[in-house]
Amino acid sequence: MQQAQGFLYIISAPSGAGKTSLVRELLKRDDRVRVSVSHTTRAAREGEQEGVAYNFVEVAEFDRLIEQQEFLEYADVFTQKYGTSKGWVTDQLAQGTDVILEIDWQGAEQVRAKMPDAKSIFILPPSREALLSRLTGRGTDSDDVIAQRMAQAESEMSHYGEFDYLVINDQFDQALDELAAIFTANRLSLGVQSLAQKTLLQDLL
């Protein structure tokens with residue numbers, strides 16, 4: 001059986017939609033998927049491991065990587081920089097591994113321009129009320145902070161139409177099944193199966 005190229009997936013969602021939990025559970029059930037580890041200029045927090053949580057680099061090194069066009073996408077977030085390594089992603093895809101980029105709609109726009117074959121998935125909450133409940137779940141934020149987070153979430157959700165797939169995270173297990181089905185369906189596409197099952201197809205025909 002020949003090995004097909006892996007798929008690149010962009011997964012975006014507003015804060016509170018449950019993206020991180022869905023991706024974490026998907027990785028447990030599918031060993032052919034990896035999540036890209038971003039580069040960042042921020043300091044490591046307690047318990048974070050180099051190369052696992054992030055690739056921690058100095059600002060000068062980050063800027064050098066930008067100059068050498070080593071990032072698929074990058075952004076400034078609250079005075080810190082974050083970026084996705086183009087080399088690591090392309091290496092994983094060449095090995096037949098599917099790669100997930102957990103990035104916002106702006107990062108997705110950058111990636112699509114460089115890798116138009118990427119599959120993009122947007123995750124939405126089932127209602128405004130559910131989203132507000134999730135954003136206020138910790139009970140530690142002021143009303144102003146919650147209002148700002150809701151406004152940011154609404155801005156992000158307005159870009160759902162730019163994505164290939166839409167998953168509504170109402171019942172978690174159902175949303176997880178739907179997310180996994182996207183990965184399965186792409187692996188069963190004619191191009192992938194024609195390569196993976198080349199010997200069988202020649203034998204059958």
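1. Helix 1 supplies the largest share of the lining of the largest pocket, six residues (helices are DSSP runs of H or I, at least four residues, and strands runs of E, at least two, numbered from the N terminus). The model is predicted: local features need pLDDT of at least 70 and side-chain atom pairs 80 or more, while totals for chains, interfaces and linings use all residues. Residues are numbered from 1 along each chain as its sequence is written, and side-chain values use heavy atoms, without hydrogens and water.

2. The volume of the largest pocket is about 1,500 Å³ (space filled by probe spheres set on grid points joined across faces, edges and corners; a pocket is an open set of points on a 1 Å grid over the protein atoms alone, where a 1.4 Å probe fits, with protein on both sides within 12 Å along at least five of seven lines, and lining residues have an atom within 4 Å of a point). Of its 42 lining residues, K19, Y54, E102, I103 and D104 are the closest to the centre.

3. Elements giving two or more residues to this lining are helix 1 (19–29), helix 4 (105–114), helix 6 (143–157), strand 5 (71–77), strand 6 (80–85) and strand 7 (98–102). By class, the lining has 10 charged, 13 polar and 19 nonpolar residues (Ala, Val, Leu, Ile, Met, Phe, Trp, Tyr, Cys and Pro are nonpolar, Asp, Glu, Lys and Arg charged, the others polar).

4. Helix 5 (residues 128–135) and helix 6 have axes that come within 10 Å and cross at roughly 135° (lines fitted to C-alpha atoms over the stretch in contact; angles from 0 to 180 degrees between N-to-C directions).

5. R128, L131, L132 and L135 of helix 5 make the contact with I146, R149, M150, A153, E154 and M157 of helix 6 (heavy atoms within 4.5 Å). These residues divide into seven nonpolar, three charged and no polar.
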